[in-house]
Amino acid sequence: MTDSGIRIGADVGGTFTDVVLEKGTDLFSTKVLTTYESPEIGILEGIATVIAKSGTDFSQINSFIHGTTLATNALISRTGARTAFVTTKGFRDTIEMRTESRFEQYNLNLELPKPLIERKDRYVLSERISAEGTVLLPFDEIEAQNLIKLISKKKDAYDSIAIGFIHSYMNNKHESLFREMLLSELPELKVSISSEVSPQMREFERFNTVCANAYVQPMMASYLERLKSELNNAGAKCDIHLIHSGGGLMSIESAIRFPVRLIESGPAGGAIFAAEIADRYGIDAALSYDMGGTTAKICLIDDQTPRSAKTFEVARTHRFTKGSGMPISIPVIEMIEIGAGGGSIASVDDLKQIRVGPLSAGSEPGPAAYGLGGSLATVTDANILLGRISPETFGAEDIDLLPEESKKVLKNDIAKSLESSVENAAIGVIEVVDENMANAARVHAVENGKDVSKYTMIAFG
């Protein structure tokens, strides 16, 4: 294939799918609603639009780079595959006990986040590897075969299995052997082993990471395989690369094996973009602010380099406090992500206080103004009512905004409960969501020993 110089980038978010085509110095872009059941449909629709705008053809695409928050959303909303976890005898409850640290030392009613896999779906085997990698207790193949028979007879069949044995990062012989045994008996299963997903010490983080990988793998593997097939059928012969959580690129084959590395895929691309802007304009302290339809992502960028980490937390449950989320042990661009976006649903609680998020209207049905069946007030509806979003300049070409619908839901959901005007209700919604995002930025900066007021914000999304 000749180098046509045509590159396409696609970002699938919780509400919108954005597609950009680069042809020489020209850029062509479009925005379509994310198709939840089959995200590749939205991508192909967007690509067809920019292809038509640019006067090119699928066969001329030289490079396709993809970012997505699908894996993140599955973990946050707990909508992944039915998954089991198999570990060393005596360590069944590691992912529930965590590290026994308390993110609020003096809170007597502290509730720790629930483990990704319930206890009834966690199993143990007799085996033991030492911290030096030597075998202390040989792998019992008869016990393992009995466990496989038990798993195969479950009424609610598992889609995926996570395997995490103690010190397997030093010697993965037992993990690899059990995977082979599983796949020989149950070849339709997706199997993840911790020594490949996250070959690092600290069993809680490693076990939690392999569980997360197994939890999202069936969904992500199916989606990526369909995307590759549909692109090939459309005539595209280019390689597909995905942005991983560290900000680099990985092949689609690696992404299918290790989808947990895609958890901050889309947001990482945004942080890289913000670092490029900071470098271009000589900004030494920048704060990237990426607001989507479902979430907002905030990253600190010092000396034109995004902060990075070996572990990060998904879905912090307690006022963005460190330690209240689900730790994932992979290289990542460090940022904080909260459930505040254009589609975040607004309501009034029993104390007559406005609450916004973390639930989102997403793209199905979306904000009321989209006219697609949404009946709840959202941040987008408030912005439309206040004239901050114009129906004439809205980015999604196939959506005709309906300001009267925004006014109706804000009146019913917010204004009536507060006995205020619809305009004041909309202002209240915006002020609450703005403060939620600003507070998340302050917490993130303080955790890193930084003063957020010293940073220049680079906003996009």
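I began with the hairpin of S21 and S22, which has five residues between the strands, and noted that Lys352 there takes a positive phi near 60°. I took strands (E, at least two residues) and helices (H or I, at least four) as DSSP runs, numbered from the N terminus. The model is predicted, and I kept to its limits: local features need pLDDT of at least 70, side-chain atom pairs count only at pLDDT 80 or more, and totals for chains, interfaces and linings use all residues. Residues are numbered from 1 along each chain as its sequence is written, and side-chain values use heavy atoms, with hydrogens and water left out.

I then looked up how S21 meets S22 (residues 354-360), and found that the two run antiparallel and are joined by four bridges, where pairing requires that DSSP finds at least two bridges between two strands. Val348 stands opposite Ile354 in S22. Of the five residues of S21 (344-348), four are buried, a term I use for under 20% relative accessible area, with exposed meaning over 50% and partly exposed in between (1.4 Å probe, protein chains only).

Next I turned to the aromatic rings, counting Phe, Tyr and Trp (its six-membered ring) as paired if their centres lie within 6.5 Å, with planes under 30 degrees apart called stacked, over 60 edge-to-face and the rest tilted. By this rule I have eight aromatic pairs. Why is the pair of Tyr123 and Tyr158 edge-to-face? Their ring centres are 6.3 Å apart and their planes stand at 85°, so the pair falls in that class. Tyr123 belongs to strand S6 (residues 122-125) and Tyr158 to the loop between helix H4 (141-152) and strand S9 (160-164), 35 residues apart. Tyr123 is buried at a relative accessible area of 11%, and Tyr158 is buried at 6%.

The rings of Tyr370 and Phe394 have centres 6.0 Å apart and planes at 50°, so I recorded this pair as tilted. Over the ring of Phe16 I found the charged end of Lys31, 4.9 Å from the centre; the rule asks for NZ of Lys or CZ of Arg within 6 Å of the ring centre and within 35 degrees of the ring normal.

Last, I checked Lys120, which is partly exposed with a relative accessible area of 48%. Leaving aside residues up to four places away in sequence, Lys120 touches Arg82, Arg92 and Tyr158, contact meaning heavy atoms within 4.5 Å.
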